[in-house]
Amino acid sequence: MRHAASLVLIGAAWFAAAIAWTPAVGAQTIRSPELKLQYHRAERAWRTGSSLHEAKARLDRVIEELPDDGEAFLLRSRVLMDLGRPDSALVDAREAVRLMPDRGEAWLARAESARQAGEAEESIHALARAA
């Protein structure tokens, strides 16, 4: 009986450790203070319209350091749309959706960028998923 209980405890501990080491899809990315600053400055530059090129450059740095940062891909997709680059925006929107599949906002960005890039079917599919 003790042996069976020990095996159950060991199995449970092994399972818990495996879960702890498994990266969650859509998990929030933890940015360093420097990258957090870059992201927020990029967001402010985009929201105010002060410098879309500055916003993109800052987001390029964040994504280079954190290639799994779905929020950064989503924001860069919006910036690229405002720069009149829907094809590039669609690439980033697709990545945002891959990283954050439950995020309606990412699907909406994908729908809009796909529409502007001339990808009507993808746009309709993404719009349905955004709802």
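Which way do H4 and H5 run relative to each other, roughly parallel or roughly antiparallel? Point 3 has the reply; here are my notes, in order.

1. What you're looking at. This is a predicted model, where local features need pLDDT of at least 70, side-chain atom pairs count only at pLDDT 80 or more, and totals for chains, interfaces and linings use all residues. Residue numbers start from 1 along each chain as its sequence is written, and side-chain values use heavy atoms, with hydrogens and water left out.

2. Overall make-up. The chain has 7 helices and 0 strands, so the pattern along the sequence reads α-α-α-α-α-α-α. Helices here are DSSP runs of H or I with at least four residues, strands are E runs of at least two, and both are numbered from the N terminus. Of the 131 residues, 35% are buried (under 20% relative accessible area; exposed is over 50% and partly exposed is in between, with a 1.4 Å probe and protein chains only). The accessible surface is about 8,500 Å², and 59% of that belongs to carbon and sulfur atoms (Shrake-Rupley method, 1.4 Å probe; for residues, only the protein chains shown count as cover). Take the contacts (heavy atoms within 4.5 Å) between residues at least 6 apart in sequence: 51% of them join residues at least 24 apart.

3. H4 against H5. These two helices pack at about 160°, with axes 8 Å apart (axes are lines fitted to C-alpha atoms, for helices over the stretch in contact, and angles run from 0 to 180 degrees between N-to-C directions). H4 and H5 are therefore roughly antiparallel (over 145 degrees; under 35 is roughly parallel, 65 to 115 roughly perpendicular, and the rest oblique). On the H4 side the contact includes Phe-73, Leu-74, Leu-80 and Met-81, and on the H5 side Ala-89, Ala-93, Ala-96 and Leu-99 are among the residues involved. The crossing of H4 past H5 is left-handed, meaning that the near helix is turned anticlockwise from the far one by less than a right angle, with clockwise being right-handed.

4. H4 against H6. Here the angle is about 30° and the axes are 10 Å apart, so H4 and H6 count as roughly parallel. Leu-74, Ser-77, Arg-78 and Met-81 of H4 make the contact with Glu-105, Ala-106, Ala-109, Glu-112, Ser-113 and Gln-116 of H6. H4 passes H6 in a left-handed crossing too.

5. H6 itself. Buried residues in H6 are Ala-106, Trp-107, Ala-109, Arg-110, Ala-111, Ser-113 and Ala-114. They pack against H4 (70–82), H5 (86–99) and H7 (120–130). After H6 comes Gly-118, with a positive phi near 85°.

6. H2 (residues 33–48) and H3 pack at about 150°, axes 8 Å apart, which makes H2 roughly antiparallel to H3. This crossing is left-handed as well. Leu-35, Gln-38 and Trp-46 are among the H2 residues that meet H3, whose side includes Leu-59, Arg-61 and Val-62. Arg-61 sits in H3 (residues 52–65) and is partly exposed, at 41% relative accessible area. Beyond its neighbours within four places in sequence, Arg-61 contacts Leu-35 and Gln-38. Leu-35 is 26 residues away along the chain, yet its C-alpha atom and that of Arg-61 are separated by 7.9 Å.
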